[in-house]
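Subject: Handover of a structure model

Dear colleague,

Please find below the structure that I am handing over to you.

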Amino acid sequence: MEVFGPNPRRELEIRRYPFLVYALVPLVALVLQAWLPRVLGRYAWFDLPLVITVYFALGRRSPIQGTLMGSAMGLFEDALSNHAIGVNGIAKTIVGFLAASVGVRIDVENHTIRLILNFLLSLLSGAIYVFIYRILLGLDLEWRWFTELFKAVGNSIIALVLFPLLDRLQIRD
Amino acid sequence: MDSFFIRYRNLLVLLVILVAQIIGLAVQVRRTDAGHVSLDPQDGPGVRLIRLWANAVVTPPERMMHSSKLGLGNLWQNYLDLRHVSEQNQDLQKTVDRLRLEQAEMLEDARQGQRLQALLDFQQKYVYKTLAAQAIGSSGSDQSRVFYLDKGSAEGLQRDMAVITPDGIVGKVREVFPHTAQVLVINDQTSGAGVILETTRIRGILRGNAAGQPQIVGLMADQRIQPGEKVFTAGGDQIFPRGLPVGVVEKVVRDPERDSFVDVIIKPAAHIDRLDEVLVITQALPTMPPQQQQDLATSEALKGGEAATIKDQKKASEIMAERLPGLTEPNAPAAQPAAAAGTQPGQAQGQAAPAAPATPATPKLLHAQHADRFSPGSAQEAPPETRTTEPKSRFDAKPLPGPRELPGPRMPQKREQTAPAGTTKGQPAPKAGHPAGQTATPRRNP
C-alpha cells in the first residue's frame with residue numbers, strides 16, 4: 001500500500017485534530033499572548049501565535065493550510081496592536097508556508113529539528129517584520145536584534161514543551 | 001492550464017494572500033506634506049472593524065482570566081496567607097495614628113494653598129473627573145506598547161483621554177470600543193506627550209524607544225540636565241493636564257543621528273510595565289469636593305471684600321477731589337516740601353491719617369481773578385464787623401481748607417472727628433493741621 005501511493009510517507013503522517021482543537025488552541029494562544037506580557041512585563045520573550053502556526057503547519061504538512069493559519073494569526077495580532085494591519089500577517093503567512101513546505105520533507109517528530117525550525121522561523125519572522133515596516137512602508141521603527149534573538153530562543157523552548165502536549169490531541173486511528 | 005494551477009496552487013495561494021495584505025498595508029499608510037510616510041493616526045472604517053472583531057474575540061477570555069486571577073489572588077491573600085497579620089495590624093494602627101496627625105497639618109496647608117492660589121488667580125486644573133478602569137490585556141508585541149481597559153465608550157471613554165495612575169501618567173486612549181478601550185502607553189515609539197523638566201524648565205516631547213523606555217527626544221545638549229531631575233507634563237498637548245508627574249531623568253545620551261542633540265531617558269513614575277488599575281481623565285474641568293469649594297468661596301469673598309473697600313476709598317477720594325476743583329493747580333509740582341507749609345502733615349491734632357499716602361500732592365491756592373472778601377487770603381482784610389457776622393448761608397461761612405487739607409480716602413471719618421462747632425455737616429471741614437481757628441489765614445500761592 002505504501003509502495004503504490006504517489007507519496008506514501010506524506011499520506012501516512014498527516015495529522016488530524018478535532019475541530020475544537022483547531023478553533024481553541026489558536027484562540028488560547030492569542031489570548032495568552034495578549035495577557036501574559038502584563039504579568040511578565042518586559043520579559044515576555046515569546047510569540048505563541050508563531051509557535052502554534054509552526055506546529056499546525058508542520059503537522060498538517062499542507063502549505064495552503066499553513067499559509068491560511070499564519071495569515072489569520074498574524075492579522076489577529078496586528079488587529080490587537082496599534083500598528084498597521086498586515087505586517088505580522090505577511091510575516092506569519094510566509095512562516096506558515098515555509099514550515100509546511102519543510103514539513104513535507106523532514107521528520108517533524110524529532111525534537112532537535114523542532115527546536116531548530118522554531119528558532120530559525122522566529123528569526124525569519126522578526127526579519128520580515130522589520131523589513132516590511134522599515135523598507136516596504138518606510139516607517140520609523142527602532143529595532144533591537146538581541147530582543148529578537150531572545151524571542152527566538154523563547155519560542156524554541158516553548159515549542160519543545162508544547163508540541164508533545166499538542167501531539168496528544170491529534171486523532172489517532 | 002488546469003495542471004498549472006494544480007501544480008502551483010500552493011504558491012498561487014501564497015501570492016494572492018500576500019498581495020492582498022500588501023494592498024491593505026498600502027491603504028493604511030499615507031505620505032505627509034513634508035514627504036514623510038506615516039500611519040494614519042485614526043483608523044479607517046475597515047481597519048477599525050477588524051480591530052473591533054479581534055477585540056471582541058480576545059477580550060472576553062481576557063476579562064475572565066483577569067477576574068479569575070484577581071479571585072485567586074484574593075482567596076490566597078484573604079484566607080490562606082494570614083501569617084503575621086496580627087503584628088501587621090498593630091504596625092498599621094500606629095501608622096494610621098501618625099498619618100492622622102500629618103493629615104491634619106497637611107489639610108491646613110492645603111487650605112492655605114488653595115486660598116493663595118485663588119488670590120493669585122491661578123486657574124490651574126488640579127482636580128479632574130476620573131474613571132477607574134482595569135487593564136485586562138495588551139497587544140502581545142514589544143513593538144506595540146498598548147494595553148486594553150475593561151471600560152469603553154459605554155462608560156464614557158473617548159479617544160485622546162489621558163490615562164494616569166496616582167504615581168504618574170500612563171498614556172492616552174487611542175481607540176475606543178463599546179466595552180473596551182485601547183491605551184497607547186508613553187513608552188511606545190508612536191506616542192507623544194509634552195513634558196517639562198522641573199528645575200531647568202526645558203520643554204520637550206516624550207516618546208518611547210526600542211527598549212520600551214520613555215525618552216525626551218530632540219533636545220539640544222545641555223549640561224544642566226542631570227539624572228534625578230523630575231519631569232512633569234507641560235500641558236500643551238491637549239491631552240495631559242499640566243503638572244502631572246511623568247518620572248525622573250535616568251540618563252542623558254547623545255542622539256545617534258544628530259550630534260548636538262541629546263535624548264533624555266526617563267524612568268517613568270508610574271509602573272507602566274505592570275499596570276492593574278488606572279484612572280482615565282474624563283473631564284478636565286475642576287470639580288472640587290464641597291469642602292474645598294467652600295474654602296475657595298471664602299477666599300474669593302475675602303478677596304472681594306478687600307477689593308470693595310479699596311474701591312470705596314478711591315471713590316471717596318475722587319469725590320472730594322471733585323469738590324475742590326479750583327484748589328489744584330494742574331501744572332503744580334507733585335510734591336511740596338513739608339517745611340514750606342509751616343506745619344507738618346499729619347501732626348496737627350495728633351492724628352496721623354492712615355491713608356495719608358493716598359492724599360494727592362499738596363495743592364496750592366490759585367490767584368482769584370475777582371477777589372472779594374471771601375477769596376482766600378482776604379479774610380484779614382475784611383472789616384471786623386463782617387468777620388463776626390453770621391453767615392448768610394451755609395456756603396458763605398465755609399472755611400476754606402488749607403493748602404494741605406485735600407481730602408484723603410478716610411476723609412469722612414476725619415470730618416466727624418475734627419468738625420468744628422458751627423460747621424455744617426456735609427461741608428468740607430478743616431483738616432488735620434488746620435483747625436478751625438487757623439483757617440482764617442490761608443496761605444496764598446506766591
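In this predicted model, the contact between the two chains draws on 36 residues of chain A and 44 residues of chain B. On the side of chain A that touches chain B, the elements giving two or more residues are helix H2 (19–40), helix H4 (63–80) and helix H5 (87–103) of chain A. H4(A) makes the largest contribution to that side, with 8 residues. By residue type, the side of chain A that touches chain B comprises 19 nonpolar, 12 polar and 5 charged residues.

Chain A itself has 7 helices and 0 strands. Read from the N terminus, its order of elements is therefore α-α-α-α-α-α-α. Of its 173 residues, 48% count as buried. Among the contacts in chain A with a separation of 6 or more, 68% are between residues 24 or more positions apart.

Which residues touch the most other members of the largest nonpolar core? They are Val54(A), Val87(A), Val95(A) and Ala99(A), in a core of 50 residues. Both chains supply elements that give two or more residues to this core: H2, helix H3 (48–60), H4, H5, helix H6 (111–136) and helix H7 (145–167) from chain A, and helix H2 (9–28) and helix H3 (45–80) from chain B. H5(A) provides the largest share, 10 residues. Val87(A) also illustrates how the two chains meet: leaving aside residues up to four places away in sequence, Val87(A) touches Asp78(A), Tyr129(A), Ile132(A) and Tyr133(A), as well as Leu25(B).

There is also a second, separate core, which has 47 residues and includes Ala133(B), Ile164(B), Val278(B) and Val280(B). Some of these residues can be located in the strand pairing of chain B. Strand E3 (residues 129–138) of chain B pairs with strand E14 (residues 277–283) of chain B in the antiparallel sense, over 6 bridges. Within E14(B), Val278(B) is the residue that stands opposite Ala133(B). Strand E5 (residues 162–164) of chain B is likewise antiparallel to E14(B), and 2 bridges join them. Here Val163(B) has Val280(B) in E14(B) as its bridge partner.

A colleague

Methods. Residues numbered from 1 in each chain as written. Chains lettered and ligands numbered in written order. Predicted model: local features only at pLDDT ≥ 70, side-chain atom pairs only at ≥ 80, totals over all residues. Contact = placed C-beta atoms within 7 Å. Helix = DSSP H or I, 4+ residues; strand = E, 2+ residues; numbered from the N terminus. Nonpolar A, V, L, I, M, F, W, Y, C, P; charged D, E, K, R; others polar. Buried ≥ 20, exposed ≤ 12 C-beta atoms within 10 Å, placed from the backbone. Pairing = 2+ DSSP bridges. Core = buried A, V, L, I, M, F, W, Y, C linked by C-beta atoms within 7 Å.
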